[in-house]
Amino acid sequence: MRFRTKLLITSLAIVFIPIILAIGTFFAVGRYLIYQQRLNEISSGFDYTMVSDPSEAFADMADEVTHDIALALLVNPFVLEDETFLEEIDSKIASKYSYIIVLRDGKVYYAANMDRAEAVVEQLPGYGTDLKGIYYTASKYLVKQLDFRFSTGDEGSLYIISGIRTALTESLFIYMSIAIVLILLITSILLTTWIGNSFFKPIDELNVAMQHIQDGNFDYMLPTDIKEKGEIGAMYRNYEDMRLRLKESAEEKIEREKQNKELISNISHDLKTPITAIKGYSQGLLEGVADNPEKQMKYIKIINNKANDMNNLINELTLYSSIDNNRIPYNFIRLNVGDYFGDCIEEIGADLESKSIKLNYSNLTAPDTQIVADPEQLKRVVNNVVSNSVKYLDRDDGTGQIDIRILDEIDSIRVELEDNGKGIAQSDIPNIFDRFYRTDASRNSRQGGSGIGLSIVKKIIEDHGGYIWATSHEGEGTCMHFVLRKFVEYADNEETVTVDHEAK
């Protein structure tokens, strides 16, 4: 429930709840006082006017009865001697908690209840008393007197008496005052508790939760039994969304810091080998260990190769930083598949030949097959995969072999780079494209590597709109597959429409 709706309900409740309870209390207290004064013996009903304002209500009733008697006397001057007529009057005024007593020469001539009559008869004035209108007895009863003569000439007086004493009104006022104070107090407590439970309690819980967030505890969850659909419920849901995002961000930060430390450790480790080699061979040159031109040239080549290894490691580190920030520079152009991969094979072939590794290349695509790609980054993909294969060929007998195949798959091309190295365990294949994952835990110096080469490959291929995967058998070799969509150009309604599949 929205908080604004709760405030509206509270405003209405403050007005209507006390009114309803006050009315109910009035009837309850009125009935209690009526039973306390045994007025239920006169009437079983409840007359609001006689309880709230007995004097006025009794006066009106007495005037009406007096008028009816006066009319009856015009018809029959001795009608007040008829007990049937007196019973009708008594029955009529019973609903007003009133009754009549008729005295004849000071003695009771008629009374519906003699006990009730005896309790008040001594307080009634005698015949001929000059009292007009309504007056009070000593016991605070309201009385209306009507004098008349019996047919025998005896003096008679008819008294209309209210069973409700005026003290009842005073008691009712006291009880109602106390009740109203209690009603207002109870209403205030109930409404305050309701608002407190639906607003202040959730706010306190949110404050506690935010304190946990401030302390770095992102695992603290708010109670899950909240069913609020208004502002409080929205605040709870927003907190939970914020907590999950902060937790995810904190975990990503921890993982990134871990990866950065691992990267620095890997790079530092892998730089030691070429630096040690460069330092050793350069010192050999300085100290004259290489005492002939052939040996000196060998040392220089080794130093150059190790410097290139260091440069490659630094380039990987730079590219990793670009990947991490999604800022790899791409320059997409149309490339002819045959021409482009043919040039790549020439460069790779020369390097592999110097390492006594055989290279087989086949292109099964049409001569005009084109793709849209960044030539430099795509070459990085091929070089990274090939260099990774070279590291793990693990063959010193000159039988190392790498096969590169370009296959046509209708609307795309598939590039396969297969080696006959030691292969990858099936349990490792799903993880080889993860950053810093290395199947060789020993990290021997000959293989080295930063552990981010294949993750870079995957990122570049995916940015080209393609996908990559690996198949491998231990002891037989590994094959890397990646797919790139073709560039297609076709005519439609005499207009040339070009469809290229650039990176996402």
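Reader: Quick one to start: which helix is Leu12 found in?
Author: Leu12 is found in helix H1, residues 3–36. Helices here are DSSP runs of H or I with at least four residues, strands are E runs of at least two, and both are numbered from the N terminus. This is a predicted model, so local features need pLDDT of at least 70 and side-chain atom pairs count only at pLDDT 80 or more, while totals for chains, interfaces and linings use all residues. Residues are numbered from 1 along each chain as its sequence is written, and side-chain values use heavy atoms, with hydrogens and water left out.

Reader: OK. Is Leu12 buried, exposed or partly exposed?
Author: Leu12 has a relative accessible area of 45%, so Leu12 is partly exposed. Buried means under 20%, exposed means over 50%, and partly exposed is in between, with a 1.4 Å probe and protein chains only.

Reader: And which residues make the nonpolar surface patch?
Author: Leu8, Leu12, Ile14, Val15, Phe16, Ile19, Ile20 and Ile23 make a nonpolar patch of about 770 Å². Patch members have over 30% relative accessible area and no salt bridge; nonpolar side chains (Val, Leu, Ile, Met, Phe, Trp, Tyr) are joined within 5 Å, like charges within 9 Å. Accessible areas come from Shrake-Rupley with a 1.4 Å probe, and for residues only the protein chains shown count as cover.

Reader: Which residues form the negative patch?
Author: Asp82, Glu83, Glu87 and Glu88 form it. Asp and Glu count as negative and Lys and Arg as positive, leaving out His and the chain ends. The charge is placed at CG of Asp, CD of Glu, NZ of Lys or CZ of Arg.

Reader: Where does Glu87 lie?
Author: Glu87 lies in helix H4, residues 83–93. Its relative accessibility is 44%, so Glu87 counts as partly exposed. Glu87 and Ala112 are 25 residues apart in sequence, yet their C-alpha atoms are 7.6 Å apart in space.

Reader: Switching to electrostatics. How many salt bridges does the structure hold?
Author: There are 15 salt bridges. Each has a side-chain nitrogen of Lys or Arg within 4 Å of a carboxyl oxygen of Asp or Glu. One of them pairs Lys355 with Asp351 at 3.5 Å, N to O. Lys355 is partly exposed at 45% relative accessibility, and Asp351 is partly exposed too, at 39%.

Reader: What about Glu418, which side chain does it meet in a salt bridge?
Author: Glu418 meets Arg405, at 2.7 Å from N to O. Glu418 lies in strand S10 (residues 412–419) and Arg405 in strand S9 (residues 401–408), so the pair ties together parts 13 residues apart in sequence. Glu418 is partly exposed, with a relative accessible area of 30%.

Reader: Which residue does Arg414 form a salt bridge with?
Author: Arg414 pairs with Glu409, the closest N and O atoms being 2.5 Å apart. Arg414 counts as buried at 17% relative accessibility, whereas Glu409 is partly exposed at 28%. Salt bridges that share partners join Arg405, Glu409, Arg414, Glu416 and Glu418 into one network.

Reader: Now polar contacts. Which side chain is joined to Lys486 by one?
Author: That of Asp408, at 2.8 Å. A polar contact is a pair of N or O atoms within 3.5 Å; within protein, one must be able to donate a hydrogen and the other to accept it, and residues adjacent in sequence count only if both atoms are side-chain atoms. Lys486 sits in the loop between strand S12 (477–485) and strand S13 (488–492), and Lys486 is buried at 12% relative accessibility.

Reader: Where is the place of Thr365?
Author: Thr365 is in the loop between strand S7 (358–363) and strand S8 (370–373). Thr365 is buried, with a relative accessible area of 10%. The Thr365 side chain makes a polar contact of 2.6 Å with the side chain of Asn363.

Reader: Last topic, backbone angles. What phi does Asp105 have?
Author: Asp105 has a positive phi of about 55 degrees, although it is not a glycine. Most residues other than glycine have a negative phi. Asp105 is in the loop between strand S1 (98–104) and strand S2 (107–111), and Asp105 is partly exposed at 44% relative accessible area.

Reader: And Ser356, what's the phi there?
Author: Ser356 has a positive phi of about 60 degrees, and is not a glycine either. Ser356 lies in the loop between helix H9 (337–354) and S7. With a relative accessible area of 48%, Ser356 is partly exposed.
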